[in-house]
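This report describes selected features of one protein model.

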Amino acid sequence: MTTEKKYYCPMKCEGEKTYDEPGDCPVCNMHLIPVDEEIQKTNGHHHHHGHHQHKETTSSGSKGKYFCPMRCEGDKMYGEPGDCPVCGMHLNKEESTAAKSKTIYTCPMHPEIKQDHPGSCPKCGMDLVPEKGEVLSEEEKAYKKMLRKFWLAVALSVPVFIIAMSDVFGLNLENLASKKVWGWIEFALASPVVFYAGLDFFKRGWSSVRRRSPNMWTLISIGVGAAYIFSVLAMLIPDVFPAQFKDNQGNVHVYFEAAAVILTLVLLGQVLELRAHSKTNSAIKALLGLVPPIARVIRNGEEVEIPLEEVTEGDILKVKPGEKIPVDGVITEGNAVIDESMITGEPIPADKAVDDKVTGGTINGKTAFEMKAEKVGSDTLLSQIVEMVNEASRSRAPIQKMADVVAKYFVQIVVSISILTFIVWAIWGPEPAYVYAFVNAIAVLIVACPCALGLATPMSIMVGSGRMAQSGVLVKDARAIEEMNKVDTLIIDKTGTITEGKPSLKNYKSFGKMSDEEVLKLAASIDANSEHPIADAIVKGAKEKNIQLEKLESFESVTGKGVQAVYRKQKTGLGNHRLLEDFGASINGEAQKEAQDWQSTGQTVMYLVSGNTVEGIVSVADTIKPTSAKAIKELQRLGIKVHMLTGDNKFTAKAVADELHLDGFVADCLPDDKYKKVKELQEQGHVVAMAGDGINDAPALTQANIGIAMGTGTDIAMQSAEITLVKGDLNGIVRARELSHKVMINIKQNLFFAFVYNSLGVPVAAGILFPFFGVLLSPLIAATAMSFSSVSVISNALRLRKK
């Protein structure tokens with residue numbers, strides 16, 4: 001029984017959907033690719049491509065993850081290094097904290113001496129050496145291999161070029177040997193360049209033809225192959241060529257120098273490209289470099305150095321002055337001033353004391369402390385940051401669709417122009433017309449560079465997302481970067497976003513039979529079972545006043561309203577005015593005026609109700625973050641209207657809105673109200689970003705064009721958002737907007753350059769300037785321009801590292 005052949009879109013426009021018939025994708029029009037039989041057998045775990053097998057992997061636990069920088073097959077990952085089977089570009093390795101090899105330095109004389117950096121042995125003074133020797137990365141191996149081929153090609157191409165251009169250099173080589181002999185010498189020198197140094201390019205070209213996905217290597221293979229084969233035939237059977245191709249002695253002019261030099265220039269471009277590629281993920285490498293290879297764990301009262309991978313949750317670790325913190329955890333003894341700039345982007349060190357959380361990869365100051373490991377391995381914040389940057393750099397931005405459509409037809413158009421160029425020059429060109437036609441047709445094939453188009457967006461996304469991560473801004477995908485640049489309205493929560501999110505008890509007052517202290521005691525007793533920050537503030541305030549709390553029954557949290565319990569067989573509650581409606585209680589004018597006076601100063605007022613009687617009020621206040629006012633002003637300067645949506649009352653909300661000069665606010669919001677407000681603004685044509693930190697913000701974060709989670713908030717908020725701010729303040733949103741703007745400008749610059757380069761280069765190579773200025777583009781110059789076009793795109797993207 002035979003398996004029916006299936007086809008899929010390399011862009012994954014409709015996810016994992018496969019098609020029964022060959023043809024073009026109905027969404028993006030790219031040519032459908034056959035699913036190999038091996039994939040059908042193994043359900044997508046192995047993918048054979050001719051001579052080289054790539055293993056596709058999806059699990060994070062795989063030994064190696066490699067991806068194509070052009071994203072030819074969407075998010076597809078390969079298990080082995082090599083070249084992309086579609087476009088032929090060298091696969092990039094995805095960096096991860098799990099895959100990072102740790103270099104330990106040791107003394108040859110005293111192997112017990114180990115440290116994570118080079119230096120000298122404290123016992124004998126000898127230089128420390130790597131314990132396992134230096135291991136080259138896959139990128140470095142590919143670079144070294146390509147560099148060796150390049151220098152070999154240079155050594156062989158230079159003499160070929162000198163022989164071919166001897167007349168230009170004033171050398172009369174025919175005094176030493178005949179032209180035919182020199183032709184065979186050129187053949188001998190050029191052949192190793194073609195069949196060794198440049199062999200991979202022809203394999204890539206053949207793969208592209210076989211897969212019916214023509215690319216840059218198709219053009220190079222046709223152009224160089226034509227020049228080389230033409231020259232070999234000219235040497236073997238010169239009589240079959242028209243007289244136009246021959247000189248006075250009947251020798252046909254050969255193009256071995258064109259084939260050799262073009263391949264050498266392409267090799268130079270590849271060397272520079274691989275060199276530049278290694279810098280595009282330098283941000284990830286810098287983040288990975290923050291992790292120390294060893295940790296100092298305390299066991300049985302003694303300090304023991306162990307590899308980082310062996311640290312387990314619950315271990316007590318010792319961190320000495322100036323050392324990097326190995327994992328995420330909480331301080332159990334001592335205090336510290338910690339430099340968190342590499343994670344949060346904030347330059348000011350943070351003071352930490354017992355019970356404060358610390359993050360792996362940050363740097364301890366001048367004191368020693370002990371900490372308990374809470375998150376290790378892939379669960380640490382640093383690992384999650386690296387994973388998010390990897391995901392973002394692999395994703396495709398909507399702006400790339402235009403380049404994808406052009407790239408689909410690009411090679412076919414260039415080949416057509418090359419054929420047309422040959423025909424036009426052969427019919428209307430000056431003598432020798434066929435020679436002009438042949439040379440210009442090759443120049444057209446060589447000068448075109450679809451790679452510059454394909455790399456324009458991915459390179460900027462890769463570098464930009466890494467740079468954003470270093471600034472404490474984590475993006476989920478490329479779409480988020482593009483969309484963030486379009487945002488014109490920002491919705492923010494009050495508690496934890498504008499304010500510190502750590503309210504404290506301010507006032508409490510009785511309106512009935514109870515005393516003020518009894519009102520606070522009962523309010524704190526109800527709140528003792530609640531996890532809300534306001535409840536924590538009331539309980540903490542009562543304890544500070546040495547008030548003993550009561551044990552209540554039937555505690556219940558009422559979403560968006562407050563809490564309730566049973567006290568002395570009486571239903572009792574603490575909450576906002578909505579809770580009063582549930583209890584059927586009303587408040588008299590004096591009590592209402594008192595509550596409003598407190599609210600007008602920014603205090604949040606909670607009503608204590610027993611039965612249907614309001615017994616008193618308790619207020620807390622949450623101070624505005626010092627960074628909020630400046631950040632909001634800067635966002636407004638960038639053209640973004642800032643609205644605050646809060647579950648707090650209108651008086652407190654107005655006090656905060658007035659102080660910060662917000663563009664609008666809505667008070668008494670339930671989670672559903674935030675969602676509806678986002679939808680309402682979107683229906684008015686606004687591009688809305690929503691920033692929040694709580695579970696109640698998740699629906700609105702999901703609905704917004706861009707959801708922004710404050711890193712200090714809950715996991716569900718971070719999962720619902722496209723952008724996460726490691727340090728939960730509004731300055732992160734300013735940075736996100738500014739960096740997304742710079743990334744989009746960089747992408748547009750790259751696309752502009754790629755389009756302009758190809759739009760000008762191809763017509764000039766075809767000879768459009770010849771009738772007016774007598775200018776022709778040599779295939780050698782065309783190869784130089786083509787090689788440097790993609791390098792220019794990558795170099796421009798690398799400028800984002802300095803933003």
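## Terms and model

Two strands are said to pair if DSSP finds at least two bridges between them. The strands themselves are DSSP runs of at least two residues, numbered from the N terminus. The model discussed here is predicted.

Buried here means a relative accessible area under 20%.

Strand 27 pairs with strand 26 (residues 603-610) in the antiparallel sense, through eight bridges. Within this pairing, T604 has V620 of strand 27 as its bridge partner. Strand 26 and strand 27 form a hairpin with two residues between the strands, and G611 in this hairpin adopts a positive phi near 70 degrees.

Strand 22 (residues 504-510) is also joined to strand 27, by six bridges, and the two run antiparallel. In strand 27, V618 is the residue that stands opposite Y508.

## A nonpolar surface patch

Elsewhere in the model, which residues make a nonpolar surface patch? The patch consists of W184, I229, L233, L236, I237 and V240, and has an area of about 560 Å². Helix 5 (residues 216-236) supplies the largest share of the patch, namely three residues.

L233 is located in helix 5. With a relative accessible area of 35%, L233 is partly exposed, because this class lies between the buried limit of 20% and the exposed limit of 50%.

Definitions and conventions:
Residues numbered from 1 in each chain as written. Predicted model: local features only at pLDDT ≥ 70, side-chain atom pairs only at ≥ 80, totals over all residues. Heavy atoms only, no water. Patch = residues over 30% accessible without salt bridge, like charges linked within 9 Å, V, L, I, M, F, W, Y side chains within 5 Å. Areas by Shrake-Rupley, 256 points an atom, 1.4 Å probe, with all protein chains shown as cover. Salt bridge = Lys/Arg side-chain N within 4 Å of Asp/Glu carboxyl O. Helix = DSSP H or I, 4+ residues; strand = E, 2+ residues; numbered from the N terminus. Buried < 20%, exposed > 50% of the residue type's maximum accessible area, 1.4 Å probe, protein only.
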